[in-house]
Amino acid sequence: MLEARAKINLYLEVFPRVSEGYHPIRTLFQTVALSDRLAAEEIESPTVFSAHYDPDLTFHPELQWSDGNLLYEAFEAIEMAIGHPCGRWKFDLQKRIPAQSGLGGGSADAAALIRWLSRKFGLNPRTEQAVAKQVGADVPFLLENGTALGEGNGSALSPLPLLPPLPVLIVQPPFTMSTAKMYEQYDHIVSKSAHALNGEGEQSPRSPLQVYEALKSQYPVDSRNDFEAVAWEYYPEYRVFLNFFSRLGKDEGSEDPSILLKRMSGSGSAHYIVFRSETDRAVLAHYESVCRNHRCWAVLTRFSGGVMV
């Protein structure tokens with residue numbers, strides 16, 4: 001059984017599209033214990049694939065063994081890299097990471113398959129990373145896991161020492177956001193202003209490394225995700241959700257001292273709350289219950305790291 005861990009973006013700055021066709025980003029990646037599971041069994045008949053969603057998940061998009069499924073694209077890319085077929089397999093994917101959430105579920109699944117097939121067929125780490133970059137921008141990070149700065153299209157990585165296994169509540173509102181659509185809408189906003197988001201080009205009050213150092217010391221910290229401004233502009237339902245989410249932990253103007261950071265992950269729609277390590281389990285369960293009662297999918301997890309075999 002292969003494990004495919006989700007990621008969150010503890011910081012995400014997006015820049016205008018460059019001539020190569022992508023949007024450079026500056027981000028702080030962190031993997032969490034929430035994960036999908038992939039079972040693989042060698043068979044004699046042609047490869048078959050099935051996906052089963054956790055019943056708690058709100059959205060269950062259909063996955064086929066074809067282009068558009070990052071597992072399929074990873075399998076094809078590995079075959080190209082080794083120069084011969086990988087065999088015939090029965091793949092069963094157990095989905096616990098919500099779709100179109102900004103948590104990198106599809107990329108995590110692809111990374112788990114690339115890691116496993118690379119070991120099975122003896123690919124060197126350099127080729128393994130090249131395959132990961134070919135499949136998707138988040139896949140190289142999810143091949144390694146842990147904590148890292150990401151630049152370029154997200155695949156230029158600078159690994160950092162692991163952060164503590166801090167508790168995290170991940171919350172997905174009852175709607176999804178398409179990454180492609182969010183970038184398209186980002187372009188529209190930037191074309192109207194000639195500046196990047198967040199303060200018309202002014203520097204964020206925090207840098208990725210400042211956010212990293214604060215969380216390492218378990219100090220409350222502000223951060224940045226440029227897609228929040230895009231969502232606010234184009235999704236009326238997001239404004240309703242953010243009004244709810246931003247008030248979590250606030251009581252007459254004071255902030256719950258157990259909360260370190262609240263932010264959107266990736267291009268959404270999932271958000272997260274990072275807590276101090278000593279936060280009482282009952283407090284965490286209370287926040288999870290409040291979010292579920294607000295018609296959101298919510299799950300408690302923690303920071304995780306380390307290379308997975």
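**View 1. Phenylalanine 91 in the predicted model.** Phenylalanine 91 is buried, with a relative accessible area of 1%; buried means under 20%, exposed over 50% and partly exposed in between, with a 1.4 Å probe and protein chains only. This is a predicted model, in which local features need pLDDT of at least 70 and side-chain atom pairs count only at pLDDT 80 or more, while totals for chains, interfaces and linings use all residues. Residues are numbered from 1 along each chain as its sequence is written, and side-chain values use heavy atoms, with hydrogens and water left out.

**View 2. Tryptophan 65 and tyrosine 72.** Tryptophan 65 is partly exposed, at a relative accessible area of 22%, whereas tyrosine 72 is buried, at 17%. Rings of Phe, Tyr and Trp (its six-membered ring) pair if their centres lie within 6.5 Å; planes under 30 degrees apart count as stacked, over 60 as edge-to-face and the rest as tilted. The structure holds 13 aromatic pairs. In one of them, the ring centres of tryptophan 65 and tyrosine 72 are 5.4 Å apart and the planes stand at 85°, so this pair is edge-to-face.

**View 3. Tryptophan 65 and phenylalanine 91.** These two residues form a tilted aromatic pair, 5.4 Å centre to centre with 35° between the planes. Tryptophan 65 lies in the loop between β3 (48-53) and α1 (70-82) and phenylalanine 91 in strand β4 (residues 89-95), so the pair ties together parts 26 residues apart in sequence. Helices (H or I, at least four residues) and strands (E, at least two) are DSSP runs, numbered from the N terminus.

**View 4. The ring cluster.** Ring pairs link Phe49, Trp65, Tyr72, Phe75, Trp89, Phe91 and Trp116 into a cluster.
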